Amino acid sequence: MTDQIEISAIRTVAIVGALPHEREIPQPLQIDLTLDVDLGDAGQSDDLDDTVHYGWVADQVVAVVSESKDVLLERLAARVADEVLTFDRVEAVTVTLTKLRPPIAVDAASTAVRISRTRSTAAVARQSSHRAFIALGSNLGDRRAFLRMGVAGLDRVVAVSQVYETDPVGGPDDQGAYLNMVVEIETPLDPFALLRRCQRIEGEAMRQRVVHWGPRTLDVDIIMYDDATIETADLVVPHPHFAERRFVLTPLAEIAPERCPAGWDERLEPAGITAVGPLDLS
């Protein structure tokens with residue numbers, strides 16, 4: 001028996017078709033997906049990490065379709081299937097691409113192509129590892145202990161900046177100085193599952209969101225995830241404020257200077273941040 005996730009009636013536009021006007025004007029398309037997934041783990045655990053995040057699948061598929069310059073729906077459908085099959089747990093997919101205003105002489109509401117692909121027939125490898133940069137900060141309690149807790153709770157950590165003591169930015173005037181750092185990780189989690197992991201780590205550190213930009217035991221923020229751009233109500237990547245925060249860019253520049261915006265060191269005020277050495281992770 002095969003479990004399935006269905007994502008229906010995704011609407012977008014794309015350059016697809018052979019006629020001259022179809023090569024110039026984006027055509028309205030509908031995308032329907034049926035994913036073959038083993039949902040046994042999710043059914044037992046009730047944990048989002050044990051299933052496929054259909055919102056992320058839909059975002060990635062729309063990105064593929066919106067950038068299309070294909071002539072045939074068949075080719076575009078195959079590229080959508082290849083994208084879906086890169087997700088962990090997806091073993092097969094059926095893709096239906098519907099052209100909502102087909103350029104044909106007869107009265108037809110739509111035309112569509114439906115294809116089914118498995119991981120073996122599509123010959124695509126699942127992307128089992130993603131590169132992410134995580135910023136950690138603490139200004140309550142045993143700040144170093146909370147930073148160690150944050151690092152320990154993440155997936156495979158491949159690079160760690162030293163720790164910086166920084167003046168608070170925004171929030172109440174009477175809060176104490178922060179300890180900040182940035183780590184690079186490799187993770188099998190999709191970005192939304194990684195967000196939930198970060199929030200779970202904050203919860204274990206008894207993080208309370210009482211005052212905006214107020215003091216906290218532990219901040220665990222996703223700064224970047226692969227080269228993805230994500231804008232949802234729950235997650236924005238790259239982090240919307242990272243390019244204006246020296247307490248993020250200074251440690252980030254230690255481990256991935258190519259990820260920092262050009263000229264940031266001259267543009268941002270140098271005051272209010274002091275290196276205090278590496279974090280003891282033993």
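This is a dialogue on how to read some features of a predicted model.

Visitor: What is the mean pLDDT of the chain, and which elements have the lowest and the highest values?

Guide: Where pLDDT is low, the predicted coordinates should not be read in detail. In this predicted model the mean pLDDT of the chain is 87, and 93% of the residues reach 70 or more. Among the elements of the chain, strand 8 has the highest mean pLDDT, at 95, while helix 4, made of residues 119-122, has the lowest, at 76.

Visitor: How many helices and strands are there in the chain, and what part of its residues is buried?

Guide: The chain holds 8 helices and 12 strands, and its C-alpha atoms fill a box of roughly 70 × 45 × 35 Å along the principal axes. Of its 282 residues, 46% are buried. Among contacts with a separation of 6 or more, 67% are between residues 24 or more positions apart.

Visitor: In helix 3, are Ala77 and Glu83 buried or partly exposed, and what do they touch?

Guide: Ala77, which is found in helix 3, has a relative accessible area of 0% and is therefore buried. With residues up to four places away in sequence not counted, Ala77 touches Val95, Leu97, Val113 and Ile115. Ala77 and Thr98 are 21 residues apart in sequence, and their C-alpha atoms are 9.9 Å apart in space. Glu83 also lies in helix 3, which covers residues 73-84, but its relative accessibility is 21%, so Glu83 counts as partly exposed. On the rule that leaves out residues up to four places away in sequence, Glu83 touches Gln60 and Val64. Glu83 and Val64 are 19 residues apart in sequence, with a C-alpha to C-alpha distance of 7.9 Å.

Visitor: Moving to the backbone, which residues have a positive phi, and where is a cis peptide bond?

Guide: Most residues other than glycine have a negative phi, and most peptide bonds are trans. Asp46 is not a glycine, yet it has a positive phi of about 60°. Asp46 is found in the loop between helix 1 (40-45) and helix 2 (54-66), and with a relative accessibility of 75% it counts as exposed. Asp226, likewise a residue other than glycine, has a positive phi near 50°, and Asp226 lies in the loop between strand 9 (219-225) and strand 10 (230-231). A cis peptide bond joins Val237 and Pro238, with omega about -5°, and Pro238 lies in the loop between strand 11 (236-237) and helix 7.

Visitor: What volume does the second largest pocket have, and which residues are the closest to its centre?

Guide: Rolling a probe the size of a water molecule over the atoms shows where empty space is left. Here the second largest pocket has a volume of about 390 Å³. This pocket is lined by 21 residues, and the closest to its centre are Phe87, His130, Pro188, Asp190 and Tyr225. By class, the lining of the second largest pocket has 9 nonpolar, 5 polar and 7 charged residues.

Key:
Residues are numbered from 1 along each chain as its sequence is written. This is a predicted model: local features need pLDDT of at least 70, side-chain atom pairs count only at pLDDT 80 or more; totals for chains, interfaces and linings use all residues. Side-chain values use heavy atoms; hydrogens and water are left out. On a 1 Å grid over the protein atoms alone, a cavity is a set of points where a 1.4 Å probe fits but cannot get out, and a pocket is an open set with protein on both sides within 12 Å along at least five of seven lines; lining residues have an atom within 4 Å of a point. Grid points are joined across faces, edges and corners, and a volume is the space filled by probe spheres set on the points. Ala, Val, Leu, Ile, Met, Phe, Trp, Tyr, Cys and Pro count as nonpolar, Asp, Glu, Lys and Arg as charged, and the others, Gly among them, as polar. pLDDT is the predictor's confidence in each residue, from 0 to 100. Helices (H or I, at least four residues) and strands (E, at least two) are DSSP runs, numbered from the N terminus. Buried means under 20% relative accessible area, exposed over 50%, partly exposed in between (1.4 Å probe, protein chains only). Contact means heavy atoms within 4.5 Å.
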